[in-house]
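Let's take a walk through this model together. Have the sequence and the 3D view ready, and follow along residue by residue.

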Amino acid sequence: MGCPLFFFSHVLKAEPSPSQELMSVPVQQVARVYHDGGKISKEADKYFQSIHDKEVWVESYLPFDADPVKFNYAPGKKQVELSSDFIKFWAETGINNFGEYVSAYLDLMKPYWQITSTPSTQFIDTDFMDHDIYTRSTCQKMGNKCSDEYLNQFKGHYTYMRSVPSKLYNKIESMGIPVISDSFNLIFFDRALPLWLFVVGCIIAYRMRCLRKFVIMSLPLLCILISLLAFSPVAAFRYSLQMYYVLPLLAIWIYRQYKIGLHEYLLVSRPALLPKEANRTS
């Protein structure tokens, strides 16, 4: 851990992210308990209301987005952060409201494994648009504490190339052509596709007796997927997009393994089906 930490902090000069970025799932679960009228002890309620008033916990809860309850701009309130008190009261509340915790997690993360995600949870426009509006409005709510150097990193316009994917998605979606629209969304905009292609790949690799190699090849995809399932504040397509880059490599590897396995099978059991050059080489 020491070497990577030194590299990122001292060589790359990377600023550490605030601990609240790790808290998407826990705050979502607490908000679900308030929203459903669950059981919360007086001590836990007092602590959680130091972050949000009860009404804010209830009204800010969205099943598919943890950001409204993760961030706080109310004066006199604590920021969400990883602390011993939060862990203590979060765990205590979870023991008394296990069902609400499970439901909150499943509702938040299900687009990563639910192939038939509804358009209302796709956020395709948001994924490809310029986030300048969010950045500046957030800085304003914080009392304009953001430096000019930070704000200048963001362009104040929605470029044409960034609008193409969202316009294409909306065009195909609005057409509503059976099979075509669904297939288009499934292949190009579905966040569950990487997971299920990995599952299918595992089945194929197992049958070809190369499962361990396939899992090793899939480690980049698995690491991304695990991080999303643990910390993602919303199952946005832009988060799963990075997994799409790995899929062609895995598909090519599976295809090559299939060709090798087929050749070995024919060499042993059906040599007559092989080209003469292959028989002489073997």
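Helices here are DSSP runs of H or I with at least four residues, while strands are E runs of at least two, and both are numbered from the N terminus. This is a predicted model, in which local features need pLDDT of at least 70 and side-chain atom pairs count only at pLDDT 80 or more, whereas totals for chains, interfaces and linings use all residues. Residues are numbered from 1 along each chain as its sequence is written, and side-chain values use heavy atoms, with hydrogens and water left out.

Start in helix 2, where you will find Gln29. Gln29 counts as buried because its relative accessibility is 8%; buried means under 20% relative accessible area, exposed over 50% and partly exposed in between, with a 1.4 Å probe and protein chains only. Leaving aside residues up to four places away in sequence, Gln29 touches Trp90, Tyr101, Ala104 and Tyr105, a contact being heavy atoms within 4.5 Å.

Now for the rings. Phe, Tyr and Trp rings (the six-membered one for Trp) pair if their centres lie within 6.5 Å; planes under 30 degrees apart are stacked, over 60 edge-to-face and the rest tilted. The whole structure holds ten aromatic pairs. One of them joins Tyr34 and Trp57, stacked at 5.7 Å centre to centre with 10 degrees between the planes. This pair links distant parts of the chain, with Tyr34 in helix 2 (residues 24-36) and Trp57 in helix 4 (residues 54-60), 23 residues apart. Both Tyr34 and Trp57 are buried. Ring pairs also connect Tyr34, Tyr47, Phe48, Trp57, Phe86 and Phe89 into a cluster.

Finally, look at Leu106 in helix 7 (residues 98-109). Leu106 is partly exposed, because its relative accessible area is 39%.
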